[in-house]
Amino acid sequence: MKQLKRIVAAYDGNEESNRAVEYGASLKKAFPEAELTIVQVLNPKGESRIIESASAPGFVPAAGFYVDPSQTHPVTEVEQQSQMHMNDTPTVHENNVRMAESNMMRLLSECQVNGNIEILEGNATDSICDYAKRTNADLIIVGNSAKSGLEKFFLGSTSSSIAKQAPCSVFIAK
């Protein structure tokens, strides 16, 4: 049997990915010298902007909808000091990263194994396969897709896409 040196378990917060992490933990226990890394891919949304500006009064280009000017109240300018405090709050993306890290650390603790965690960005399939290639992973473990047959037909399955593109063996946990 091939000795596993690097195991990558993909996690996205659903029940199927929990099983992927559990299988990764079991393999880590069977191969104590192997390195287990749990990866989660976040896809930060870019800022969307409306290119055309509408000339109609009451149209809010940044929001993309119309507001009846007779139904609005005058807006006063916010003080500079208040704006500075708003910039100190974490962004949605930063909060997502913290939550993902916390969830993955909890999973490792529950499985009673040591491992690494990595937050990746972009398309899940590409990011996981690129990470596996970059780290010379021996195995990627992913959860089975929870999509229905029709959803898989139109949207595809991340687990099957990873199985096709991966530079190493792929284990699909059910």
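**Note on the predicted model**

1. Leaving aside residues up to four places away in sequence, Gln-40 touches Tyr-11, Asp-12, Ala-100, Met-104, Glu-118, Ile-119 and Leu-120, a contact being heavy atoms within 4.5 Å. Gln-40 sits in strand E2, residues 35–42. Helices (H or I, at least four residues) and strands (E, at least two) are DSSP runs, numbered from the N terminus. Gln-40 counts as buried because its relative accessibility is 11%. Here buried means under 20% relative accessible area, exposed over 50%, and partly exposed in between, with a 1.4 Å probe and protein chains only.

2. The basis of the note is as follows. This is a predicted model, in which local features need pLDDT of at least 70 and side-chain atom pairs count only at pLDDT 80 or more, while totals for chains, interfaces and linings use all residues. Residues are numbered from 1 along each chain as its sequence is written, and side-chain values use heavy atoms, with hydrogens and water left out.

3. On the overall layout, the protein chain contains six helices and seven strands. Their order along the sequence is β-α-β-β-β-α-α-β-α-β-α-α-β. Of the contacts in the chain with a separation of 6 or more, 72% are between residues 24 or more positions apart. The chain has 174 residues, and 29% of them are buried. Its accessible surface is about 11,900 Å², with 51% belonging to carbon and sulfur atoms. These areas come from the Shrake-Rupley method with a 1.4 Å probe, and for residues only the protein chains shown count as cover.

4. Helix H1 covers residues 15–30, and its length agrees with expectation because its 16 residues should span 22 Å at 1.5 Å a residue and its end C-alpha atoms are 23 Å apart. The expected span is 1.5 Å times one less than the number of residues. Buried residues in H1 are Glu-16, Ser-17, Asn-18, Ala-20, Val-21, Gly-24, Ala-25 and Lys-28. At the start of the helix, a side-chain oxygen of Asn-14 comes to within 3.1 Å of the backbone nitrogen of Glu-16.

5. How many salt bridges are there? The count is two, where a salt bridge is a side-chain nitrogen of Lys or Arg within 4 Å of a carboxyl oxygen of Asp or Glu. Side chains of opposite charge can pair when their charged atoms come close.

6. Arg-19 is partly exposed, at 25% relative accessibility. Glu-15 is partly exposed too, with a relative accessible area of 47%.

7. Another salt bridge links Arg-106 with Glu-110, and here the closest N and O atoms are 3.1 Å apart. Arg-106 and Glu-110 are separated by about one helical turn because they are four residues apart in helix H3. Arg-106 counts as partly exposed at 37% relative accessibility, whereas Glu-110 is exposed, with a relative accessible area of 53%.

8. Is strand E6 covered on one face or on both? Both faces are covered: Leu-139, Ile-141 and Gly-143 on one side are buried, as are Ile-140 and Val-142 on the other. Five of the five residues in E6 are thus buried.

9. E6 has parallel neighbours. Strand E1 (residues 6–10) pairs with E6 in the parallel sense over three bridges, and Ile-7 stands opposite Leu-139 in E6. Strand E7 (residues 169–173) pairs with E6, also in the parallel sense, over five bridges. Gly-143 has Ala-173 in E7 as its bridge partner. Two strands pair if DSSP finds at least two bridges between them.

10. Two backbone angles should be noted. Most residues other than glycine have a negative phi, and most peptide bonds are trans. Gln-112, which is not glycine, has a positive phi near 55 degrees. Gln-112 lies in the loop between helix H3 (92–111) and strand E5 (116–121), and is exposed, with a relative accessible area of 68%. Asn-136 likewise has a positive phi near 55 degrees in a residue other than glycine. Asn-136 is in the loop between helix H4 (124–134) and strand E6 (139–143), and is exposed at a relative accessible area of 55%.

Note on methods:
Polar contact = N/O pair within 3.5 Å; in protein donor to acceptor, adjacent residues only side chain to side chain.
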